[in-house]
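Hi there,

Here is the structure I promised to pass on. Have a look at it first, and then read my notes below.

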Amino acid sequence: MSNFFPRWANWLPLQLLICVLVVGAPVTLGVWYYFTPKYTRVGYQPDQPVPFSHALHVKQLGMDCRYCHSFVEVAAHSNLPTTQTCINCHGTGKILANSPRLAPVRESWATGQPIPWVQIHRLPDYAYFNHAVHVNRGVSCYSCHGAVNEMSVVYEAQSLSMKWCLDCHRAPENFLRPPAEIFNMNWHPDSPAYQLEMGTKFKAEWNINPPITCGGCHR
Amino acid sequence: MKKIFNHPLRDTKPTSWRTEGERINSADFAENLAREFPTGSGHLSQEESQEIEGLTRRNFVRLMGAATALASGGLAACRRPEAHLVPFTKSAEWTIPGKFLYYASAMPSPAGAVPLTPARIKTISESL
């Protein structure tokens, strides 16, 4: 009985293994890196209908976050300002009343058509998030939205992935702030040791026990 | 030793047929068959058939394949879809986006007004 397979077939398993490794490893690494929110989300900076600059309003003029995002402390949803809020300062006869960059705001105010701001931070519908409960319990805007006071055009600074959420939920003492500094974008802890000491203290005193079960957010 | 099979000769009669006429190979069927698809009937005019003379079946598959590959793999869907946040133009009194708005009201009935505390649920001003 002659040999069914030629001699080179002895190497076939090894060749197949090498091929799988050579092809599979880059694919695995590629998916690992490119298919994560860290790559796909961070830095998302769409063009907005009005060139509103947080750097100008917050950093230079010192406005508080809550002047525009007024319900962040009382509602799950942190609202965008209405056109009326813009018009409070930019109305007829006030600041930059005739600026061409504010034309969409004036048009919205005149016609009643809202300004379609482009959403940047977007959580999936299956994840519940409550702004008020975070802000009232020592999580600063800065922790999730980054240094918005430095942004002339807002971009997504953090990945908002589930792992990123859980990093804080498992060890909130690394991020908690004194309640007075929640909306202070320029406040930073003096040292990691101080942050840990202060955070541990707040966590114990305020009985902060963030949910790390599935149902905590996917409810 | 290899076995030699002597297959029986294949029956030349058709094993499938469109009509009874084809089965028995009647004269009617032959006449109808000739009349059913007369050459050039309703397909292409002379000019059209000249135009696409170079379009063989293989060429056609080649072109269609290229078009499909461009359409699907041409990074057409790589942009993140834009979602919009649309706040009110004029601030609505007493409403907090995302919260119920409870207010006092009454429903008239023959016995008198029935007191109600209805909730306005749709207070989210910002749609996606």
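Predicted model: local features only at pLDDT ≥ 70, side-chain atom pairs only at ≥ 80, totals over all residues.

As for confidence, the model has an ipTM of 0.76 and a pTM of 0.69. The average pLDDT (the predictor's confidence in each residue, from 0 to 100) is 76 for chain B, where 74% of the residues score at least 70.

Back to that pair of strands. Strands here are DSSP runs of E with at least two residues, helices are runs of H or I with at least four, and both are numbered from the N terminus. In chain B, β3 (residues 105-109) and β4 (residues 112-116) run antiparallel, joined by 5 bridges (strands pair if DSSP finds at least two bridges between them). A hairpin of 2 residues connects β3(B) to β4(B). β4(B) is hardly covered, with 0 buried residues among its 5 (buried means 20 or more other C-beta atoms within 10 Å of a residue's own, exposed 12 or fewer, partly exposed in between, with C-beta atoms placed from the backbone).

Now the interface: 24 residues of chain A are in contact with 19 of chain B (contact means C-beta atoms, placed from the backbone, within 7 Å). On the chain A side, α5 (83-90), α6 (103-111) and β1 (117-118) each supply at least two residues, and α5(A) gives the largest share, 3 residues. The two chains also share strand pairing: 2 bridges join β1(A) to β1 of chain B (residues 84-85), running antiparallel, and A:Trp117 stands opposite B:Leu85.

A:Trp117 turns up again in the largest nonpolar core, whose 7 residues also include A:Cys86, A:Ile87 and A:Val105 (such a core is a set of buried Ala, Val, Leu, Ile, Met, Phe, Trp, Tyr and Cys residues joined through C-beta atoms within 7 Å). α5 and α6 of chain A are the elements that give two or more residues to this core. Leaving aside neighbours within four places in sequence, A:Val105 is in contact with residues including A:Val50, A:His90 and A:Ile115.

Best wishes

Notes
Residues numbered from 1 in each chain as written. Chains lettered and ligands numbered in written order. Contact = placed C-beta atoms within 7 Å.
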